[in-house]
Amino acid sequence: MRGINRLGFLFLFVALVILLIFTYLFGFKHGHGNQDNQGTRYVIGVSQSNLTEPWRVQMNEEIKKEAQKHKDLQVIYTDAAQSNEKQKKDINRLLGYGINLLIVSTNDTNSLTPLIAKVHKKIPVIVLGRAIDGYDYYTLFIGPDNQAIGRNAGQLVSDMLGGKQGNIVEIQGPEGSSPVRERSQGFKEVIQKHPNLHLYNTIVANWQKDEAEDKVTALLQRNPQINTIFAQSDAMALGAYKALQKHDIQGVKVIGVDGLEGTNGGLDLVKKGVLAGTFAYKTGGKESIQYAMDILKGKSNIPKKIILRVSTITHENVDQYVLNKSSYPKQIKSKKHIVLGFVQVGAESSWRLANTASIKKAAQDYGIDLKFKNANESIKAQISIIRKFIKQKVDVIAFSPIVQTGYEPILKEAKDAGIPVVLVDRDLDLKDNDLWLTSIGSDFEEEGKRAARWLLDATKGIKNNINIVELEGTTNSSPTVYRKKGFEEELPKNSNKYHVIASKSANFTKEEGKTVTTEFLRKFGDKINVVFAHNDDMALGAIEAIEAFGKKPGKDIKVISVDATQVALNNVYAGKLNVTVECNPLLGPYMMRAIINHFHGKELPVKIITEEGIFTVEDDRSVFFNRPY
Ligand code: AHR
């Protein structure tokens, strides 16, 4: 008996030790917050697409520098050397090491998206630099707005030529890569608006200096009459400049993108007069670690996208930029007591009421002294309230611009008075985006796209025409412009099936939504298959109009909307509204945190985009209740 007991004890002891080792390893591997004996609590994998581009070397350096601030963090780096297949293997290898979070800067976004989506089901994923379409495949995107870079480049070319004839060569990175496509789109958008600007040729140089030099040399042998080169990176711009030098060609303006520091970095090249301009933006390396740690520590209100500031650098401002390392306005004094003047759009919708409540509550929670005013949908009133805040010398002004234009003079007044401005919910369409600190809100274009994607899916099997009527929000407001753009762009081009047969503003209100839908029904009657409303309130008006017309909303006529308020979800539950795309009104905490960060000397990104979902009749209905708004 005694022998058996001793053996039993031994067995138990060994089992216990194995169990302890297993728990320890498993806990460490899956990020249960356990520390190993080197003090590591979190392991982050960084999958870099290549380390031949200087911009990517800098990105990794920023990651390393920021990671060193966390004693409990270990970072494992991989380099895919520009190969999609290698990057897939790298990511799988990192998963095998038991990373708690993946930071990935993709080689070719399309080819890597399925794997990233799979990884995202297991651990958080931060996509760095190159965006992925949609919201469902990653936790957070950090990077610049590449279309805006292209637009700014087009604008700089136009400003430099000042109305003179422009014969332009564009030098692109590899075909199929998202920044290449987006920069080119933005560039052409501006060029096409100026009849004096002509795109003479496009060269693909795969981000490589030498390839750009060789291809521009070959082009110059044909003796083209070009006067401007826009290269999508500074390295390629330098290659183009060298080719011009070889041919002893003077006077061609060369513009690049990246604006890195150091010898032959974009800033140095502008200083030396090699480049006429570049577009500087952060790599996002530092921010990726900051957000990764927030995610790993379970912090709330993590955004969906962080859009990094892009600064136009020319000979005029390069010294100033190098000195400050940024074009972001420096916050000299750190402030404890902050007075915030906020002007709301109005009270046109349930969304707006929830937004107002969130801002008031967050100001209290974060100890910010809030002066809240309502413009009651008058642009004039909004501007005059901002002017009063300037006179009162508040510390910061925030507002949701009713429309996209017309605020330039008042923003200049605020800038001259040294008062920073934050945009909340809606955006502005102004040339000078240094007039505000940051903008916090939704991706309205993505909301429109999501609405269209749902429709395409729901009508896949239908052969007949699908006739859509559109209830637009306030004319020239950013949600109206971008929801419309996103929705219409997502419908198949030259489609014989999907037709937007009428589109009219109903100002985001239920009453007007009902009136305009009634007009549409009288005019088109049975022809209407779908109502796309830019917000829930207008959709609720449309539902009443459809019922009054003797038809069944949600069945005879599909109704699609944006916002996802509780009252809209009740209608989804009742089958009268088919889908509502979420637009998050709870912007108060994001806004207060950004303001506090600014007054603590942190540089804010140019845009902070919130996380949002979509609610359809097909969903599990338990998610429809106890909504926070
Ligand atoms: O700017 C956000 C939009 O404004 C909301 O979608 C709409 O309901 C609101 O009034």
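This briefing covers a pocket and a ligand site in a predicted model. Local features need pLDDT of at least 70 and side-chain atom pairs count only at pLDDT 80 or more, while totals for chains, interfaces and linings use all residues. Residues are numbered from 1 along each chain as its sequence is written, and side-chain values use heavy atoms, with hydrogens and water left out.

**Second largest pocket**

- The second largest pocket holds about 1,400 Å³ of space, a volume being the space filled by probe spheres set on grid points joined across faces, edges and corners.
- A pocket is an open set of points on a 1 Å grid over the protein atoms alone where a 1.4 Å probe fits, with protein on both sides within 12 Å along at least five of seven lines; lining residues have an atom within 4 Å of a point.
- Its lining has 50 residues, and K286, E287, Q290, K602 and E603 are the closest to the centre.
- By class, the lining comprises 18 nonpolar, 13 polar (Gly among them) and 19 charged (Asp, Glu, Lys and Arg) residues.
- Helix α10 (a DSSP run of H or I, at least four residues) contributes the most to this lining, with 6 residues.

**Ligand site**

- Residues near the ligand (a heavy atom within 4 Å) include E348, W351, D425, P479, F508 and D563.
- For R352, an N or O atom in the side chain is 3.0 Å from a ligand oxygen atom.
- The protein covers 100% of the 280 Å² of accessible area (Shrake-Rupley method, 1.4 Å probe) that the ligand has on its own.

Technical notes:
Helices (H or I, at least four residues) and strands (E, at least two) are DSSP runs, numbered from the N terminus. A polar contact is a pair of N or O atoms within 3.5 Å; within protein, one must be able to donate a hydrogen and the other to accept it, and residues adjacent in sequence count only if both atoms are side-chain atoms.
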